[in-house]
Amino acid sequence: MSVKLDHGEDELAENHEINVTPFIDVMLVLLIIFMVAAPLATVDVPVELPASTAERHPKPDTPLYLTLKSDLSFVLKDKPVTRAELGKALDNATGRKKDERIFLRADKAVPYGELMQAMNLMRSAGYLKVALVGLEQ
């Protein structure tokens, strides 16, 4: 930066440089806005699901319960079943009737992924009619 000391002229010299300071200020403000807004757009929204008000359907005379316990073991009716034997045990319990409804009970401590794996095992065995059992409110 230099100062010209010319006392003979009162005119200021023209400055031909572009002032980029306002441009940089605007860019920094936009950068901050996008840095704050981007994570908000990708975060999942926590949801509390409402209670079901669906009508109760009559249970069959002898419902077939498959229970997924908190230690991730299966119990069909009252007998423990391994994951490998689940399809065979379902065939024996239903008489190979693939259209029979199976009532799936799971402990509330069971992770969602494990419940989905249980349903995938039932689907791979050919049992597509699954009813999830829960407590009424």
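Predicted model: local features only at pLDDT ≥ 70, side-chain atom pairs only at ≥ 80, totals over all residues.
View 1. Of the 17 residues that make up the largest nonpolar core, the ones touching the most other members are L66, F74, L76, L86, L90 and I102. As a bit of background, nonpolar side chains in soluble globular proteins tend to be buried together.

**View 2. L86 and its contacts.** Let's zoom in on L86, one of the residues that touch the most other members of the core. Which residues is L86 in contact with, once neighbours within four places in sequence are set aside? They are L66, F74, V81, L121 and M122. L86 is also one of the buried residues of helix α2.

**View 3. Helix α2 and what covers it.** Helix α2 spans residues 86-94, and its buried residues are L86, G87, A89, L90, D91 and T94. What covers them? The cover includes the strands β1 (64-68), β2 (74-76), β3 (79-81) and β4 (102-106), along with helix α3 (112-124).

**View 4. Two non-glycine residues with positive phi.** Start with K77, in the loop between β2 and β3. K77 isn't a glycine, yet its phi is positive, at about 60 degrees. Is K77 buried, partly exposed or exposed? With a relative accessible area of 48%, K77 is partly exposed, because the exposed label needs over 50%. Now hop to R96, which sits in the loop between α2 and β4. R96 is another residue other than glycine with a positive phi, this one near 65 degrees. Its relative accessibility is 61%, so R96 counts as exposed.

**View 5. Strand β4 and its parallel partners.** Look at β4 together with β1: these strands pair in the parallel sense, over 5 bridges. Within this pair, T67 stands opposite R105 of β4. β4 also pairs in the parallel sense with strand β5 (residues 130-132), over 3 bridges. Which residue is the bridge partner of F103 in β5? It's A131. To get from β4 to β5, the chain passes through α3, making a β-α-β crossover that is right-handed.

Key. Residues numbered from 1 in each chain as written. Heavy atoms only, no water. Buried < 20%, exposed > 50% of the residue type's maximum accessible area, 1.4 Å probe, protein only. Helix = DSSP H or I, 4+ residues; strand = E, 2+ residues; numbered from the N terminus. Contact = heavy atoms within 4.5 Å. Pairing = 2+ DSSP bridges. Right-handed = clockwise from strand over helix to strand, strands pointing away. Core = buried A, V, L, I, M, F, W, Y, C linked by side-chain atoms within 4.5 Å.
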